[in-house]
Amino acid sequence: MAEHQVDAVVIGAGPGGYHAAIRLGQLGKKVICVDRDEVGGVCLNWGCIPTKALLHVGEVIRHIENADAIGLTVAKPEVNREGVAKFKSDVVNANVGGVKTLFKANGVEFLYGEASFKSPTEIQVKNKDGGADTIRAASIVIATGSAPVDVKAWPRDGEAIINSDDAVRVARIPKKLLVIGGGVIGLEFATVYARMGAAVLVVEMMPQILTGTDLEIGKALGRILKKQGVAIMLDTKVGQLEKSGSTVRATLNGAGTGGKDETREFDMVLVAVGRRPITDNLNLPAAGLATDDKGFIAVDQQMRTKVPNVFAIGDVTGQPLLAHRAMKQGVVAAEVIAGDKSAAFDPVAVPNCVYTDPEVATVGLSEEEAKAKGYEVRIGKFPLAASGRARTMNESDGMLKLVGDAKSDLLLGMHILAPQAESLIGEGVIALEMGATLEDIGLSVHPHPTLTESIMDAAEAAHGKAIHIVNPKPKAVAATK
């Protein structure tokens with residue numbers, strides 16, 4: 001058993017946790033970061049990074065399969081599952097190693113183990129060897145992240161019935177895969193496994209995929225995925241899952257089955273119905289804390305909990321559960337601990353990205369959300385098929401959509417369905433933070449030929465000034481006497 005006295009301890013080494021720890025080190029604080037698993041947390045080891053590596057593999061497969069369209073004769077790609085898994089693991093290891101190097105460079109001590117509170121200024125860490133360390137700290141940051149939601153009716157075995165942590169390991173490629181849940185995680189893995197040869201069915205109980213995303217964008221993505229061979233059933237529920245040898249029999253009922261029970265067989269079922277905050281083993285009452293009815297910890301803009309020296313960041317603080325949100329929150333918490341009274345997490349909007357092929361990236365209000373808030377909306381849209389750069393890439397499926405306030409012309413939201421959408425959305429983030437109008441975006445000279453100029457085209461279309469598409473006719477104004 002060892003005892004440590006530090007300025008701060010960070011519980012969790014995921015994106016939020018390692019950002020907080022590194023920034024604390026940069027600010028001269030003595031800090032320990034604790035995690036029961038590997039440095040990097042879910043994002044680097046089982047989430048963001050490995051899934052994007054797998055999605056890149058799928059993107060390359062698609063380009064090879066469509067090579068004849070640009071005059072290339074290429075043999076049909078064969079998926080070497082072990083090789084794909086190794087590529088993914090190499091990417092993960094490189095990123096994890098990078099964070100460890102940054103810990104060392106900034107004086108951050110990393111400790112493996114399960115942390116729990118003994119008091120608001122003291123935690124106990126159960127080590128893997130059975131021992132326990134005690135850490136006393138003036139400030140403590142909770143950054144324990146989230147985990148996939150397990151559904152009792154669909155017991156996970158890690159082989160036939162899996163969650164996203166299992167899926168990223170690519171233990172095998174099924175012939176028939178059922179994905180329960182048409183959200184971000186479900187659609188990304190549907191894309192991965194479909195590209196690698198699986199026949200994929202996505203079942204979503206809501207009327208649309210990507211619930212909460214701009215409806216028009218979600219519908220457009222659904223059409224593209226279906227064209228790519230991913231079957232989608234909306235307004236449909238999955239009932240019983242019954243394992244029989246290497247097969248899983250699933251009972252489906254809803255709009256996709258005509259309202260009747262229908263049984264189908266699959267080699268694998270991925271349950272992707274959401275994530276839950278991880279606070280189970282923290283012994284929060286010892287710190288004077290509790291969670292709300294959804295398991296989240298309440299914080300203010302400085303990431304403080306109701307106990308002034310205890311902070312919480314990332315997925316444990318509520319929606320949206322996004323790595324980049326956690327990263328910024330981690331930096332804010334570190335700077336507040338170091339004495340910066342002006343530090344605060346108060347973004348105008350947080351972007352969200354879905355790494356399907358093509359990608360979806362959104363920031364700000366959807367058309368539906370804007371209308372619900374009472375805005376008279378002004379919409380600017382530009383189809384990818386009209387983009388010269390998209391044509392040179394042999395990419396024509398997708399669109400860009402800007403939502404503005406018709407009265408002030410302020411940008412309210414940006415929604416992109418296109419290759420590289422995750423990079424293009426940065427313009428929307430800056431525009432919202434700076435209070436840009438649609439006119440501002442349209443007047444800004446964008447480079448040609450690029451995908452980003454389609455944002456300018458969409459802004460121009462909102463005012464009937466687009467050059468590369470036929471502008472929609474303005475709405476008729478009622479005559480007055």
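Is asparagine 283 buried, exposed or partly exposed? Select it and take a look: asparagine 283 is partly exposed, with a relative accessible area of 39%. Keep in mind that this is a predicted model. You'll find asparagine 283 in the loop between β16 (275–277) and β17. Its phi is near 55°, a positive value in a residue other than glycine. Most residues other than glycine have a negative phi.

Now jump to aspartate 235, in the loop between β11 (231–233) and β12. Here too phi is positive, near 55°, and aspartate 235 counts as partly exposed at 39% relative accessibility.

Next, colour the strands β12, β13 and β14. They form an open sheet in that order, with antiparallel pairing. β12 (236–244) and β14 (262–266) stand at the edges with a single partner strand each, so one side of each has no neighbour in the sheet. On average, neighbouring strands here are turned by 25° against each other, direction ignored. Zoom in on β12 and β13 (residues 247–254), which pair over seven bridges. One to click on: serine 244, whose bridge partner in β13 is threonine 247.

Time for some prolines. Most peptide bonds are trans, but try the one from glutamine 319 to proline 320: it is cis, with omega near -5°. The bond from aspartate 357 to proline 358 is also cis, with omega near 5°.

Last stop: aspartate 405, in strand β21 (residues 399–405). Aspartate 405 is buried but has no salt bridge; lysine 407, the nearest side chain of opposite charge, is 6.6 Å away. Show the side chain of serine 408 as well, and you can trace a polar contact of 2.9 Å to the side chain of aspartate 405.

Conventions: Residues numbered from 1 in each chain as written. Predicted model: local features only at pLDDT ≥ 70, side-chain atom pairs only at ≥ 80, totals over all residues. Heavy atoms only, no water. Pairing = 2+ DSSP bridges. Helix = DSSP H or I, 4+ residues; strand = E, 2+ residues; numbered from the N terminus. Axes fitted to C-alpha atoms, helices over the stretch in contact; angles between N-to-C directions. Buried < 20%, exposed > 50% of the residue type's maximum accessible area, 1.4 Å probe, protein only. Lys, Arg positive; Asp, Glu negative; His and termini not counted. Salt bridge = Lys/Arg side-chain N within 4 Å of Asp/Glu carboxyl O. Polar contact = N/O pair within 3.5 Å; in protein donor to acceptor, adjacent residues only side chain to side chain.
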